[in-house]
Amino acid sequence: MASKAPTLRDLEDRRQTATLLATVRHLETSSIDDALDVLDLLVTSNLLARAEREGKAEQLRTLPKLRSAARQVASAMEVVMGTPQATEDRLVSLAEVWNAIEEVVPREKLAAAVETIAAFIPQTDDDAAAAWRAELVKRYRTVQHFIELLLEVIDFRAVEAGQQVLAMVRTAAAMAKARRKYDRGDVAAHEELITGSWRPLVFANPDLPAGQVDKAAFVLCAVMHLHQAVRRRDVFAAGADRWSDPRARLLEGPRWEAARPRVLAALELETEPAGHLAELASALEGAYTRVLDGLGGNTAVQFVGGRLQIEKLGPAAEPPLMKEFRVLVDGMLPRLDFPELLLEVFDRTGLPADFTHISGADSPMEDFAVSLCGLIVAEACNVGLVPIEKPTSRR
């Protein structure tokens, strides 16, 4: 990729063809990775972050009205709760209670307060993400233009855990392209993935006829599932590198059978995994139990708005005698220049001989090891090449 045209032109024919093929393959892989990097950035920064900001801003805008309405309703409830109960000697009528309430809050203001609370508080038990998901649906146009093209350009595949997500995304892509309306039966196969506050957004949009699915909410729900699944590699891109199937780099078939004894011996594992998995399961269960037991008295761990917040750790105290140990180790280290150390490593390992010219011939450069050492020092020490080039420079 960094070579110039004359250098490539001087290669012999077969090497030119091989270099061109390797470059095209590299660009194919790189382009898929770049596209998914952009998708990740779009979802994280342009969609999620902005929707969360706007959701919080909307909550702050409605908070004064909601607070005033709640105060009026609370005042009315204090009157009701403070009214003495009826007895055999004394009856309490509804009119009497209303008269007492209206002395504190007029009936018209109380009715308006109830309407305000009903408008701002959802009827369903939504999760903590309800506010930003509602804002996210408003950005449907951003997603509509690329979701179908994304599936055409990139060959998405999935492990078993991601098959449902991939099927849902394909349905969402078809819905984004079509102009027709959809009902609940059209997305019944994916209803298991429409959970929490997504359900009222998808199935209960008050601006749509009963039974009609909100296409924008369904598509956004599918995109969020795709984003999470791609990050977990439950869904991956064929031909990618960073976003590829991690299992593709595993050995299989005869190559695995040949390497299996050495791998098991190195990892100190048995041939049958049942015992090892049972041990891991037991350790995981024990860890969950210890964490759960310690949550009650651990002030450093809190759940705020459904999210886990952990207090920042301070610096750990140094063990006793650590200062003396550092002085002892420092006194044992030899005093030598970093370039001299590199040149000695080069001499012992023969590393410079592993560098070949792009043409395949040996490098004609004199003192190549010294030049390579200077380049490493310049990059590792972040001093640049200028002080390295000066013969009298001492760094």
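In this predicted model, Met 332 lies in helix H13, which spans residues 322-332. Met 332 counts as exposed because its relative accessibility is 62%, and the cut-off for that class is over 50%. Met 332 also belongs to a nonpolar surface patch, together with Phe 325, Leu 328, Val 329 and Leu 333. The accessible area of these residues together is about 510 Å².

The cysteines were examined next. A disulfide is a covalent bond between the sulfur atoms of two cysteines. Zero disulfides were found in a search of the whole structure. For Cys 381, the closest cysteine sulfur is that of Cys 373, at 9.8 Å. This separation is too far for a bond, because a disulfide requires the two sulfur atoms to be within 2.5 Å.

Cys 381 is placed in the loop that runs between helix H15 (368-380) and helix H16 (386-389). With a relative accessible area of 41%, Cys 381 is classed as partly exposed, since that value falls between the limits of 20% for buried and 50% for exposed residues. The C-alpha atoms of Cys 381 and Phe 338 are 9.8 Å apart in space, while 43 residues separate the two in sequence.

Cys 221, by contrast, has a relative accessible area of 0% and is therefore buried, the limit for this class being under 20%.

How values were computed: Residues are numbered from 1 along each chain as its sequence is written. This is a predicted model: local features need pLDDT of at least 70, side-chain atom pairs count only at pLDDT 80 or more; totals for chains, interfaces and linings use all residues. Side-chain values use heavy atoms; hydrogens and water are left out. Helices (H or I, at least four residues) and strands (E, at least two) are DSSP runs, numbered from the N terminus. Buried means under 20% relative accessible area, exposed over 50%, partly exposed in between (1.4 Å probe, protein chains only). Patches are made of residues with over 30% relative accessible area and no salt bridge: like charges are joined within 9 Å, nonpolar side chains (Val, Leu, Ile, Met, Phe, Trp, Tyr) within 5 Å. Accessible areas come from the Shrake-Rupley method with a 1.4 Å probe; for residues, only the protein chains shown count as cover. A salt bridge is a side-chain nitrogen of Lys or Arg within 4 Å of a carboxyl oxygen of Asp or Glu.
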